[in-house]
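Please look at the sequence and the model, then read on.

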Amino acid sequence: DNATSEILANGYRYLLYFQNTISLGPCHIYLSTLPFVPRHNLSNSPWERELHSSPRVIMTDGNNRWDRVLFTLTSHSSDVNTVAYSPDGETIATGGDDCRVIIWDSRTGSQIHILEGHSRRVWAVDFSPNDSLVASGSADNSVRIWNSATGILIHTLERHSHSVRAVCFSPLGHMIASGSDDRSVILWDSGTGSFIRMLSGHSDAVLSIIFSPDGAQIVSSSSDSSIIIWDTETGTVISRLQGSESGSTVYSLAFSPDGTQLASTCDGDVILWNYESHSILRKLEGSTGAVRCVAFSPDGRFVLVGCESGQVVTWDTTTGCQIGTFSGHTGYVASVAVSPDGSRVVTGSYDDTVSVWDMSSGWESDGGNDSPEQKSHTGAVRCVAFSPDGTMLACAAEDNVALWDIGRHSLIHILKGHGKSVTTVVISPDNTMLAAITAGNKVALWNIGLHSPIQILKGHRDTVTTVAFSADGRTLASGSMDKSIIVWDTESGESIKTLQLRREVQCLGFSLDGRYLVAACDRSRSRLGLAKLKMWTIEDSRPCQSSSPTVEEAKQVLSGSPASGSPPSGIYLARDENSQWVEKRCQGNAVERLCHLPQHDIIVSASLGRTFAFGTSRGRVCILDFPPKTFGITATAMYPSHDMFDFDFDSNVDDPYPDSD
């Protein structure tokens, strides 16, 4: 019945999503996955009561359904250029810049074979119609044919004089077509590996090849902006189409299952052709960035494209309307393939990953985790920061800065106008201003209440690395790789004073009374991991001596302790080879693991009190609130200290680059 089917489906999704957590240890570790299970899946379940003792999760992009991405495959060490589904849907083949072809189990994401033999990047892979063979094309100018079941190399086909960009089996599997940077298409006998014939007609690199569904014709596209239709048996040109009006590259081709339509990609557009008349049916415009790859759904109703932005976009072929946008990659989506039943899609990207997507609920955006309207960012989250009082969270990506009300779990506003990507954000102690370090050696200052920019602070000659507000918010200090600190008046945006150092500034902080400014400076040239600590009085810019009685206060300022008005929580993100944990530093070097994080793409994090936030490469933000008595995940263990810096006030330490200021 429906209830049983839903239980089985949710169980399967649970195992896929949390397989790394499950493999790490005993059953009680599974409890750390509960906050990340969609809420409706836990209602009326025996685990519902456990949520009262587990971290409370606020998913800013929604936590009401499973993610569209079933799992992400990360074994390639460089760009993934090509992906293919086997005709039976059981396996996936991928190839990349690491010169390898990998065969995967499409149901679990586990590796079956790693096929090594190419000496340069792999540009293309394809399965034979009976699933027994895999063909790969490489920048080493060769085509290789492998046994897909055993991973054994059967044939190496060498006739091209430049990189092989495309490979394709004929519908009967007896031939392979390959396209190359040498401008030619070659037909091979897949059984013997022997050369059949060469097709010449393109004036530039051949990037895509497909057989018509009946196998009678071959279609190829090229950097010369043309699409050529060939007679398979004779090798003669049947028709030549202009694939791009602007003369740009035609990257990819795909046939509809019934063979009546041909899709081609160029620039940011997809063109649908009536294959019988060789005329344009419609142009699908509006993709985010250049389009590199295209595929049809098995019923021919939809077209799926991979974009330069890292998004996957779906179109209705009948209406020409864009119906879905899905985010999951941080790099160019270079290749896309659809499972035979249309329930899954696999994508390969220049972010070095392969993603397998669940399309069983439809090819339209479903308003869930993948809906752009539910997300504050379309790109990777570069930084997250709490307000000093813990009521707000600021999250920045290349496209914007989002402010969240933590208590109400709602978006306050999205700030734009900073121009270029933001690397650091800081909220003033009174929650009225936000400072953001942007590309171009600038600091942008916003009025939070009015949601408007106040000033763009310019003055540094190199990258700004850190900013800090004074306790009253009237002053802002910025430190830079140009070895200077500039103190600014936040109301006027004017520079009050500039402090020149001999080292790059790593970290800044004001004392609670605003009398002192403290800086940690790069000292890596003399001693790895050691930060040189400097302190000034604000009124006269006079450096304090290392024997000053306020040295302990200086340490507390940079550590985020009570002296800065922002008490440390001791909660932080810890990583090991296969996983990521939220850990809490206890007395001494003792560490307690609070929660295992199933997300593999966490890139930034911040904590305040019992609250922990992280941002991912997919533009998502999650906030964890740990109850005072969070359930134990593992026994307390001893680990080395996770301090970011060791602060040096010892004048006896040998320093070949002494400061004179």
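Q: Is Lys 283 buried, partly exposed or exposed?
A: The model is a predicted one. Lys 283 has a relative accessibility of 33%. Buried means under 20% and exposed means over 50%, so Lys 283 counts as partly exposed.

Q: Which residue forms a salt bridge with Lys 283, and how far apart are the closest N and O atoms?
A: A salt bridge needs a side-chain nitrogen of Lys or Arg within 4 Å of a carboxyl oxygen of Asp or Glu. The partner of Lys 283 is Glu 245, and their closest N and O atoms are 3.1 Å apart.

Q: Where in the chain do Lys 283 and Glu 245 lie, and how many residues apart are they?
A: Lys 283 is in strand β22 (residues 279-284). Glu 245 is in the loop between β18 (237-242) and β19 (250-255). The pair therefore links distant parts of the chain, 38 residues apart.

Q: Is Glu 245 buried or exposed?
A: Its relative accessibility is 72%. The cut-off for exposed is over 50%, so Glu 245 counts as exposed.

Q: Which parts does the salt bridge between Arg 121 and Asp 97 tie together, and how many residues apart are they?
A: The closest N and O atoms of Arg 121 and Asp 97 are 3.5 Å apart. Arg 121 lies in the loop between β6 (111-116) and β7 (122-127), and Asp 97 in the loop between β4 (91-96) and β5 (100-105). The pair thus ties together two loops that are 24 residues apart in sequence.

Q: Which residues does Ser 77 touch, not counting residues up to four places away in sequence?
A: Ser 77 lies in the loop between β2 (69-73) and β3. With a relative accessible area of 57%, Ser 77 is exposed. The residues it touches, with that exclusion, are Asp 98, Arg 100 and Asp 352.

Q: How far apart in space are Ser 77 and Thr 353, C-alpha to C-alpha?
A: In sequence, Ser 77 and Thr 353 are 276 residues apart. In space, the distance from C-alpha to C-alpha is 8.6 Å.

Q: Which backbone oxygen does the side chain of Thr 317 reach?
A: Thr 317 lies in the loop between β25 (311-316) and β26 (322-327). At 5% relative accessibility, Thr 317 counts as buried. Its side chain reaches, at 3.0 Å, the backbone oxygen of Gly 300.

Q: How many nonpolar residues are in the lining of the second largest pocket?
A: The second largest pocket holds about 1,500 Å³ of space. Its lining has 50 residues, with Asp 126, Cys 168, Ile 210, Leu 253 and Val 336 nearest its centre. Of the lining residues, 12 are polar, three are charged and 35 are nonpolar.

Technical notes:
Residues numbered from 1 in each chain as written. Predicted model: local features only at pLDDT ≥ 70, side-chain atom pairs only at ≥ 80, totals over all residues. Heavy atoms only, no water. Helix = DSSP H or I, 4+ residues; strand = E, 2+ residues; numbered from the N terminus. Buried < 20%, exposed > 50% of the residue type's maximum accessible area, 1.4 Å probe, protein only. Polar contact = N/O pair within 3.5 Å; in protein donor to acceptor, adjacent residues only side chain to side chain. 1 Å grid on protein atoms, 1.4 Å probe; cavity = no way out; pocket = protein on both sides within 12 Å on 5 of 7 lines; lining within 4 Å. Points joined across faces, edges and corners; volume = space filled by probe spheres on them. Nonpolar A, V, L, I, M, F, W, Y, C, P; charged D, E, K, R; others polar. Contact = heavy atoms within 4.5 Å.
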